[in-house]
Amino acid sequence: MTGFLLGAVVFLASPAPKDGDAVLRLLDSVVTGPKDQLLQYELLTTEAGKKDRLISFKVFTKGKNWRRVEFLGPADLRGMRTLVRSPTQSYVWLPAFRKVRRLATHTKEQGFMGTSFSEHEMSMTELAPIFKAKLLENTDKYWKVEGVRRKGQDVPFSKIVLTIRKDVKQAAETQFYNNDGMLVKTERRLDYVCSDPKHCTAKVIEMVDHTRNALKSQLKLKEWKIDVGLKDSFFTLRALQRGART
Amino acid sequence: VVITSGLTTVASILSFMTMDVRPMQSFGLFTAIGIFSTLVLSLSFVPAVIRIADSMFKGEVQATNAGIELLRVWTVSIARWSALHRARIGVGLLLVAIVCAGLISRLKTGVDMQTFFNAGSPPDLAEKFMQRYFGGSQFVQIAVKGDANDPHLLREVRRIANEVSMLPKVTSVSHVGDALALSNSAMTGAQRIPDTTEQVRLLYSFIEHEPAVGQLVRPDRSELLIHVRVEAAVAAEVERVVAAIEQLLASGAIESYRISKATKANALRLRSVVLTQLRVLAQQHRWVVPEERWLGHVPGALMRVPQNLDLDALTKRVEHFLLSKENAVPMSESSARSTALALVELGEGADDVQILDRLRRLFPTWDEITLEDLMFSAVGPVEEAWQQQRASQHAADVVGAMGLSRLSDAVTSKVEATMFDLYSPTAMLPSDAADARTATYAVSGLPVMRRGLSRSVKRNQLVSMGSALLLVLVIMSVVFRSGLVGLIATVPTLLTLLVVYGGMAVMGVHLDIGTSMLASLILGAGVDYSVHLLSAAREDGSGDVAKAVSRSGPAIWINAIMVAAGFLVLTLGDARPLRNVGGLTAAAMLIAAIATFALLASVGPKVVARSARRS
């Protein structure tokens, strides 16, 4: 308990960032802080005139780029696994076909399984290398930052506007703008929980796709562990097809 | 006169209630209520207005009377002339009636673009644009109820779609099997419907959120749709396509089935399905294949599954996979070559244990985990490579049997994908067993709805006209206290109906929901002229034609001209059905007036006088 409080004091007392880029760097350092993470989610997508769709899955992450997803439901998807080794290296294990397929880069732009999330937002673990930021607002509770895409970056968003909570140093809302400067998606992160002063995560993440009749998907956190000691071998192709555990 | 006219019109319009088209029933009911209300006002409000008008505008009314006097004199002279030449006029009108009755048999029914809009109108131009560049705008749907996760049903749906696509005027057919095959090609390289339910279910999860797929299969996968695009714009042509599809489903669709394994019936069934697919490919790519080849050479080639596969080519396929990034164990070119040779040597259908054992002997220094990884990576792709090699050689044989020379790679891969279906270990066969799986097929879509409407219009036309005639006849007989007078009163309107419907046949105007109203409208309004004339004759009681016409003629003409003018307004719009109803009703009013003077003036007054004397 004493350690927790001491950590909180040190974390909260860290020097305040002076400009937009510094705020983004702070955000990145908080998000990629844990060595590894295990998160279990339920992803609910609601679309006007359609039945709600629920997908449940576990996400294992390590470092900045490695990510493995295991699908738990619905029945059609159960057993399917995906692996991201780098922005250009993505694989999927298809249990019904007993084979691994490499995913084409262009599939990143498509909605993830018909949800409002796409691989593009999900793979942007660090924002500072992608966007040049400008501090728009600095209040007691929030930083508002506008990030403009840096030259040569391969993301479909020309601009993002983030509202970052000062207490957890993570985003409360992110607005994504396309190449024409039009707001295309809005992501909201709600109900932050913290395992210790440095490590917090949102229990609910909502994404609204304004280009698809306000299609809304909501991620609900069911389980969250950090620094569980995931081995590098867990993020290999062979582990993907063997379904090996940590 | 007013009461009789009003009641006959109300009765005619009420005959719409016998129709089975809801809007027409509502139209009939509310129009009848409206006319009845007008009748009540005519008997209460109008006399009061006339009285006031008489006292206020005496001079002007006198002036108007001079015009009416002229109309009266002219009409009396026509009636006198008709009475003098009644035999010739009677024969002439009888001939007209016979000719028109004959023409009615040529009257077309059916609803299409031509019945709604004029040539050159924006909707007509849009239809032509769709036909020229997109294969038409008419869609017929085949609704299939069954398990859309079952690959066998999906292949049956594809077979039906293939057969439909070969019908004349059908430009394209789409179904969910196409989307699944495309998705399967991303997973396995073969654009075909996969073999297992698990594979189908997994592929659905990748594509079912796409709006286009949502139009082909229900989210619970209990029903799917085949969309058929038809390039015909004329209702008759579209109806022929619908009938052909219905015939095809009645004669060939399997509605109750079982999944059968490795029987001769299976092989024949699979061959028939593949043969249909090849015919569709031939049609799409305009291959000229003589019919005798389809009947003899091609089925023979399909049954001869290659047994001696080109092992060099097969080894290259396996090697290609081993060197790809999808192999979990990165390999050098020489290792990949030796592994490919070893795996091919094992033969087709080697299981996990055999493969692992062979790999252990090939790479004795490798650790067990790496060997297992390699086995796990290779087992599926090696199995696929055998099938691909067989399909490739088989496709070459079949293309040769069709008498075709070398095809492009893209087309060759389509033929190869088709061959895969021949090797399916199971097939769908008809079954009457109690536990048989079921699938039902129903043709639907706008053309089917239009056909139903067209049939309804025909039936409604006969029923509503019959009931309107009967009601009018009864009212006239009661009012004039004579069945004969009632019958005579309806004759001019009947002749008018024959002329109008005959004219429609000559002008190519279809009997549609709009023109089907004509009979009741004409009957209701047209019979008023007989009522006017016969009432005048009854009041006079002398049987003198001139007197009866003199009393009623101007009223009949004014009535006819006013009703005709009212309906003529409808011809100013763009919508063809309204123009048709407006123009034809206007013409009918004038024809009914002329027919009343020509037919009724010569015999009506005398019959009425005789009947009045008798009663």
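Predicted model: local features only at pLDDT ≥ 70, side-chain atom pairs only at ≥ 80, totals over all residues.
The interface between the two chains is considered first. On the side of chain B, 28 residues are in contact with 22 residues of chain A, and the two chains bury about 2,600 Å² between them, of which 53% lies on carbon and sulfur atoms. Across this interface 4 salt bridges are found, and the count of residue pairs in polar contact between chain B and chain A, with both residues at pLDDT 80 or more, is 9. The elements of chain B that give two or more residues to the side touching chain A are helix H8 (176–188), helix H9 (197–207) and helix H17 (368–401); of these, H17(B) gives the most, with 9 residues.

One of the salt bridges is formed by the side chains of A:Arg98 and B:Asp352, with an N to O distance of 3.4 Å.

The side chain of B:Gln393 reaches the backbone oxygen of B:Asn308 at 3.2 Å. When neighbours within four places in sequence are left aside, B:Gln393 is in contact with B:Pro306, B:Asn308, B:Leu309 and B:Asp310.

Over all chains the structure holds 39 salt bridges. Among them, within chain A, the side chains of A:Glu47 and A:Arg53 meet with an N to O distance of 3.8 Å, and A:Glu146 pairs with A:Lys159, the closest N and O atoms being 3.7 Å apart. Because A:Glu146 lies in strand S8 of chain A and A:Lys159 in strand S9 (residues 159–165) of chain A, the latter pair ties together parts that are 13 residues apart in sequence. A:Glu146 is buried, with a relative accessible area of 16%, while A:Lys159 is partly exposed at 24%. In chain B, a network of salt bridges links B:Arg155, B:Arg158, B:Arg192, B:Asp195 and B:Asp421.

Strand S8 of chain A (residues 142–149) is also paired with strand S7 of chain A (residues 131–138), in the antiparallel sense and over 7 bridges. The two strands form a hairpin with 3 residues between them, and within this pairing A:Phe131 stands opposite A:Arg149 in S8(A).

The count of disulfides over all chains is 1, and this bond joins A:Cys194 to A:Cys200 with an S to S distance of 2.0 Å. The torsion about the S-S bond of A:Cys194 and A:Cys200 is about 100 degrees, so the disulfide is right-handed.

Technical notes
Residues numbered from 1 in each chain as written. Chains lettered and ligands numbered in written order. Heavy atoms only, no water. Pairing = 2+ DSSP bridges. Helix = DSSP H or I, 4+ residues; strand = E, 2+ residues; numbered from the N terminus. Disulfide = S-S within 2.5 Å. Contact = heavy atoms within 4.5 Å. Buried area = accessible area lost by both parts, 1.4 Å probe. Polar contact = N/O pair within 3.5 Å; in protein donor to acceptor, adjacent residues only side chain to side chain. Buried < 20%, exposed > 50% of the residue type's maximum accessible area, 1.4 Å probe, protein only.
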